[in-house]
Amino acid sequence: MIGLARRVVVTGLGCLSGLGFGPDEHESALRRGRSAARAITRFDTSGFRTAQGAQCDEVRLAALLEERWSARELRRLDVDTRMLLWATAAALEDARVSPSSATDPLPAVLGTTLEGFWQAEQWYAQFLRRTNLHARPSRLRHCMAGGQIATLSELLKLPLEPMVVSNACATGVSAIGRLFRRIRSGAADLGLAGGYDTLTRFIQLGFDSLGALSPKTCTPFDRNRSGFFIGDAAGMLVLESLESARRRGARIRAEILGYGESLDAHHPTHPDPEGKGIARAIRQALEMGGVPAAEVDYVNAHGTGTPANDAAEAKGILLALGDEAGRRVPVSSTKALVGHTLGAAGALEQCFCVLALERGFLPVQAGLETPDPACPLNFVRDPAGRPRTALNNSLGFGGANGVLLSRRWEDPS
Amino acid sequence: MTATLGPFRFVSFEGGIADLAAGRPRPDALNDLDSRLPQPNSLRRAWDDTKAAVLAASELLKAEGLAVSERMGLYVGQQQIALEYCSKFIQASYREGPRMASPMYFAESVANNVATHLSLTLGLRSLAQTFIGTRAAGIQAVIAAREDVESGLVDAGLVVVLGVATTVTRDAYQAVFHPHRRRHPPGARFLRGAVAALVRRDAAGQAGISFAGVECRGARPEAQAEAVRSLVSRLPDGAARLIDSSLVMCRERSREILHRVRPTVAAGADVAECYALDPFVRLLLDGVQHPGASGRAVVCLGEEGTAGLLALDGPARLVSD
């Protein structure tokens, strides 16, 4: 039987991206506005229009994983699974949840748009070039999220109650939103949620073909913005009810107050130019959290740096928060730093919101030189600030919008 | 309050449930697919499997006389992402050069493209979630819809589950399950289609969802058996019939696992492979073959280690042609 709404808190974070591993390395880059964009080395970019991305440090990732698992256990894991494994283990450790003590399956809502597509793509490229006789089926072991979940469960010795959400670029917030609602309603006490995705040849070419990738650098909300770059990332969070966190004596990093979700029903790949869909999702999140628009202290925008997205999102923010609060609230898009990390984006950006609330700073808007008059918002130039309430926006293909509302944890005791 | 699941609208490229139950597939069943779609022009670039999903959903809503509202959520389950367009895009990029691949293929390859087309065609504006990556993706969609209906977030959950099969999946699965028979792989039959169903509170005449769950405890057979055992232990007493839904290409492994836990029945034993759609096809076939009021459950074993269980307190009601 599902009871009344409960308070939901974040007690564990695990994040990795082209910027580094864990909260500390990310905080430093978020304060300074350091971009992870580099020339892509993972695959041949000859003939591509754009060839920059934000790959994670795979050598360091391997070394970190080898501190805990044997080379044999890790041998066949592709980069997607490795990132997911590291972020999940880090989040559980951060929350002091001991996997081996769990007997009941732990709810795990994972978000991904590509699953283990890097490996599937490798197999398919072999298949196309050399015929099936030479394609190695072992490459397919982790190409489906189910296989990756089985690996997580096995290596972490953790029974899971998995759910794999794929809502385009709103995937990460959708995954967290689903677990948030489940805990809030009383259907679960504690669980894992987040997202992961990898820079692959297919995804680089795909966004390249749409003209969404920037040949220069990602400058969200700038008058001369020209798109984004793609990045690797995994962001995992441990969410639990306040009662569960108190019972366990867990360190609470932040509270999630609300979640809103909507569909534009406008176009397969373009957002509603009036921003009505994202505005509805913002309003829902605020209403669920009981927070007036004027009390929002920071917005982590989806901010892809494409002309259509940024203008629509800016309109949506103004529509939902009102002209005064909308123009005042500090806004930044951290995609200028980590790139667009697709299914991981909303989750990684939620980790950034939690860090900003907990550690008292504002992630700066990198790359912004001349703000677009069509985006009349207050962009973060200086990290100094102590936000109490933050919104995390995500907009995806198909007009999928998701918004999380979080608050700094202030222990009444 | 009980969340109910049904009625179901099933469409496939081999006919309806009655055709499958009779063992007489109708390959011409969806020859008129385009003319039956509510907005065929807006779906002209969509894959046939996506069109089948839109058809199932629109015909279900029409049959139930339900209008789309802000209080209806959309929950899509499909095991694979839209690989047909992925493969076309990748092929074009290798054969004709990186700049020659059509962006249309890429846009249609996004995993939530079915939800996108459903939203655009039906005018759904509330929430849509797509579940992927496992044979139990459709059961995950039911679980999510049930949670949202029970919590009062939505009044109705429109669940749409697809059976997607492409040349890529065929080749990939054969490479994995028959690695030594690459020159002469065994023939694999696939059933392509979709089912749409409604999750609501206490809908009259519909079966109640008595249990729905998905678990994973690792990839090995003993771990999967443990997951099945854990799920089955939570089955209500009324679920007398346990129906088997497992991948055709590794059915022996699944049978061995199920044998350790509890006997199952094989509704529609010769139904072709349809991945996430399979548990629903089996439930519907069982409803036709055993229309009594007793409860039943379908246990679904993913080839990668996940296990899913969906139990109803009665037969699944079907909206027929």
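**Reading the contacts of a two-chain model**

In this predicted model, 69 residues of chain A are in contact with 65 residues of chain B.

Q: How is the size of an interface expressed, and what is the area buried between chain A and chain B?

A: The size of an interface is often given as the accessible area lost when the parts come together. Between chain A and chain B about 5,700 Å² is buried, and carbon and sulfur atoms give 62% of that area. On the side of chain A, the three residues A:Tyr124, A:Phe202 and A:Leu263 supply 11% of the area that this chain buries against chain B, more than any other three residues.

Q: Where helix H8 of chain A and helix H4 of chain B come together, at what angle do their axes cross?

A: The axes of H8(A), residues 201–209, and H4(B), residues 83–95, come within 11 Å and cross at roughly 85°. Because angles of 65 to 115 degrees count as roughly perpendicular, H8(A) is roughly perpendicular to H4(B). From H8(A) the contact draws on A:Arg201, A:Phe202, A:Leu205, A:Gly206 and A:Ser209, and from H4(B) on B:Cys86, B:Phe89, B:Ile90, B:Ser93 and B:Tyr94. Sorted by class, these are six nonpolar, three polar and one charged residues.

Q: Which residues meet where H7(A) and H14(A) pack within chain A?

A: A:Gly172, A:Val173 and A:Ile176 of H7(A) meet A:Gly346, A:Ala347 and A:Gln350 of H14(A), a contact that divides into three nonpolar, three polar and no charged residues.

Q: Which residues touch the most other members of the largest nonpolar core?

A: In soluble globular proteins, nonpolar side chains tend to be buried together. Here the largest nonpolar core has 173 residues, of which A:Phe207, A:Leu239, B:Val281 and B:Leu310 touch the most other members, while helix H4 of chain A, residues 79–94, gives the most to this core, with ten residues. Leaving aside residues up to four places away in sequence, A:Phe207 touches A:Ala212, A:Leu213, A:Phe228, A:Ile230, A:Leu342, A:Phe397 and B:Phe106. A second, separate core of 37 residues includes B:Phe13, B:Leu30, B:Trp47 and B:Ala156.

Q: Is the loop residue A:Ala36 buried or exposed?

A: A:Ala36, in the loop between helix H1 (22–32) and strand E3 (38–39) of chain A, has a relative accessible area of 4% and is therefore buried. Not counting residues up to four places away in sequence, A:Ala36 touches A:Gly18, A:Leu19, A:Gly53, A:Ala54 and A:Leu337.

Key
Residues are numbered from 1 along each chain as its sequence is written. Chains are lettered from A and ligands numbered from 1 in the order in which they are written. This is a predicted model: local features need pLDDT of at least 70, side-chain atom pairs count only at pLDDT 80 or more; totals for chains, interfaces and linings use all residues. Side-chain values use heavy atoms; hydrogens and water are left out. Axes are lines fitted to C-alpha atoms, for helices over the stretch in contact, and angles run from 0 to 180 degrees between N-to-C directions. Helices (H or I, at least four residues) and strands (E, at least two) are DSSP runs, numbered from the N terminus. Angles under 35 degrees count as roughly parallel, over 145 as roughly antiparallel, 65 to 115 as roughly perpendicular and the rest as oblique. Contact means heavy atoms within 4.5 Å. Ala, Val, Leu, Ile, Met, Phe, Trp, Tyr, Cys and Pro count as nonpolar, Asp, Glu, Lys and Arg as charged, and the others, Gly among them, as polar. A nonpolar core is a set of buried Ala, Val, Leu, Ile, Met, Phe, Trp, Tyr and Cys residues joined through side-chain atoms within 4.5 Å. Buried means under 20% relative accessible area, exposed over 50%, partly exposed in between (1.4 Å probe, protein chains only). Buried area is the accessible area (1.4 Å probe) that two parts lose on being put together, summed over both.
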